[in-house]
Amino acid sequence: MTTTTFAALGVAEPLLRALAAAQHHTPTPIQAQAIPVLLAGKDVLGIAQTGSGKTAAFVLPMLQRFSAAPGNRTSSPHGLILAPTRELAIQIGEQIARYGRESNLRHVVICGGIPERRQIDQLRRGVDIIVATPGRLIDLGQQGHLRLDHVGIFVLDEADRMLDMGFVRDVRRIVGAMPARRQSLLFSATMPNDVAQLAASLLTDPVRIDLAPATITVDRVDQRILMVDAARKRAALIALLNEPAFKRVIVFTRTKHGANRVARQIEDAGIPVAAIHGNKSQSARQAALGGFAGGRVRVLVATDIAARGIDVPGVSHVINFEMPKDAESYVHRIGRTARAEAEGCAISLCAPDERGELRDIERLLRRSLPVSDGNHLAGNEPASPRHHQSQRPNEQRVSHIQPDAPQRDRHPRQHRRRAA
Ligand code: AMP
């Protein structure tokens, strides 16, 4: 957190009241840097990920600028926020409602998984701000339900994930439908070349705000690697989930099929669980998220893309049932815990043939992670033939996981995320 206040950043009174009601007393670093620049009308390139407070950083100036100069309300909005996933779009919509409760601005969330009719009706009544995923926005635009020729502020959120998901053409098409004279913002957790190129084409003389937030998030997470044979992972997972300290847990799997299977196994062990992945309907996903946030289900099993944008406070543990294929996903996964300045614990179950993925993660983080043997957690579960290869020279056998007493890394890493 910073020492400045929202008022000192130039945030106006109605928004200050909403921030106080939301218990946001101090701006986060991205808010402190971005809000004055955005209020001044400049373009921004923000290297920030979920958990940094980036949503409020772009929502507050947008609300303030539109409240000061209310335009005619039509189906041609003044603000457009593009997000890669429905969950993220819905969460951004919720934040607009929360901060803009006194602003009399109307927003609509346009994304798949929700009946088109409702969104079309909302557009007909007139909107100031649209939050959208690309596909449905283009569909409704093609059907003549909305136009983008009055967009004065455009936000592209989670640009790296947007490109990962293959949305680059859609994004360019949407940008082509907007006026060239506008304020543009691009937020991304990482800055690979394709995102940097997109940023260069979208933004005019942007102010770059790079907080390397992944470093901040990752440093607050107590990370452990448990070497567990593939055949023993299921039993090891159940043993961990039966520990009382595992109060609110997200379990990551690589595939949708894997998410369903692991969720069934957890359910069979009598632990309240829900799964969230791309094959689930929007209502099923919202129900799962609602149950998890409300504490009715203690464990949420998720795939990477479905989990993007999950913003549930108080996640005590993230468990990687499999090591993620790419190291950056690891950072995103473990960032689901240790949110809003809290601490959290991430445990990765690593089979011997996943050591390559572990090496990639350690290379990205620029430090080695504490590794211990977790096979004993599985009790008498049969070992896989590779069991005997699982010990690294420095591996210790842990008899008990104590997630509430994290052993902090005594050598804080100085890594930076990939820079542009
Ligand atoms: P975001 O990075 O936008 O996904 O925000 C992460 C979480 O931090 C959300 O639950 C926000 O409500 C919360 N948050 C955002 N700004 C602040 C703040 N200044 N103080 C406390 N919490 C905040």
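## How we know what we say about this fold

In this predicted model, 79% of the contacts in the protein chain between residues at least 6 apart in sequence join residues at least 24 apart. The protein chain has 16 helices and 15 strands, and buried residues make up 46% of its 420 residues.

Q: What makes Gln23 count as exposed?
A: Gln23 has 7 C-beta neighbours inside 10 Å. The cut-off for exposed is 12 or fewer, so Gln23 counts as exposed.

Q: Why is Asn104 called exposed?
A: Same cut-off, 12 or fewer: Asn104 has 11 C-beta neighbours inside 10 Å, so it counts as exposed. Asn104 lies in the loop between H4 and S3, and it has a positive phi of about 60° although it is not a glycine.

Q: How do you know that the buried residues of H1 line one face of the helix?
A: In helix H1 (residues 13–21), the buried ones are Leu15, Ala18 and Leu19. Looking down the axis of H1, they fall within an arc of 100°, so they line one face.

Q: What covers the buried residues of H1?
A: The cover includes H3 and helix H4 (86–99).

Q: Which residues touch the most other members of the largest nonpolar core?
A: Ala89, Tyr99, Val131 and Leu186 do, out of 66 residues in that core. Helix H3 (residues 54–68) gives the largest share, eight residues. There is also a second, separate core of 49 residues, which includes Ile250, Val297, Ile310 and Ala378.

Q: What does Ala89 touch, if you leave out residues up to four places away in sequence?
A: Ala83, Val109, Cys111, Val131, Ala132 and Thr133. Each of these contacts has C-beta atoms within 7 Å.

Q: Why is one side of S3 and of S7 left without a neighbour in the sheet?
A: Seven strands form an open sheet with parallel pairing, in the order S3-S4-S2-S5-S6-S1-S7. Strand S3 (107–110) and strand S7 (207–210) stand at the edges with a single partner strand each, so one side of each has no neighbour in the sheet. From one strand to the next, the twist averages 10°.

Q: What makes strand S2 and strand S5 a pair?
A: Pairing needs at least two bridges, and S2 (residues 79–82) and S5 (residues 153–156) have four, in the parallel sense. As one example, the bridge partner of Leu80 in S5 is Phe154. Helix H4 lies across S2, S3 and strand S4 (129–132), running at about 155° to S4.

Q: Which way do the residues of S9 point, and are they buried or exposed?
A: From strand S9 (residues 249–252), Val249 and Val251 point one way, Ile250 and Phe252 the other way, and all are buried. In a regular strand the side chains alternate between the two faces of the sheet.

Q: Which strands does S9 pair with?
A: S9 pairs in the parallel sense with strand S11 (residues 299–302) over four bridges, and with strand S12 (residues 317–320) over four bridges. Ile250 stands opposite Leu300 in S11, while Val249 has His317 of S12 as its bridge partner.

Definitions and conventions. Residues numbered from 1 in each chain as written. Predicted model: local features only at pLDDT ≥ 70, side-chain atom pairs only at ≥ 80, totals over all residues. Core = buried A, V, L, I, M, F, W, Y, C linked by C-beta atoms within 7 Å. Buried ≥ 20, exposed ≤ 12 C-beta atoms within 10 Å, placed from the backbone. Helix = DSSP H or I, 4+ residues; strand = E, 2+ residues; numbered from the N terminus. Contact = placed C-beta atoms within 7 Å. Arc of directions from axis to C-beta. Axes fitted to C-alpha atoms, helices over the stretch in contact; angles between N-to-C directions.
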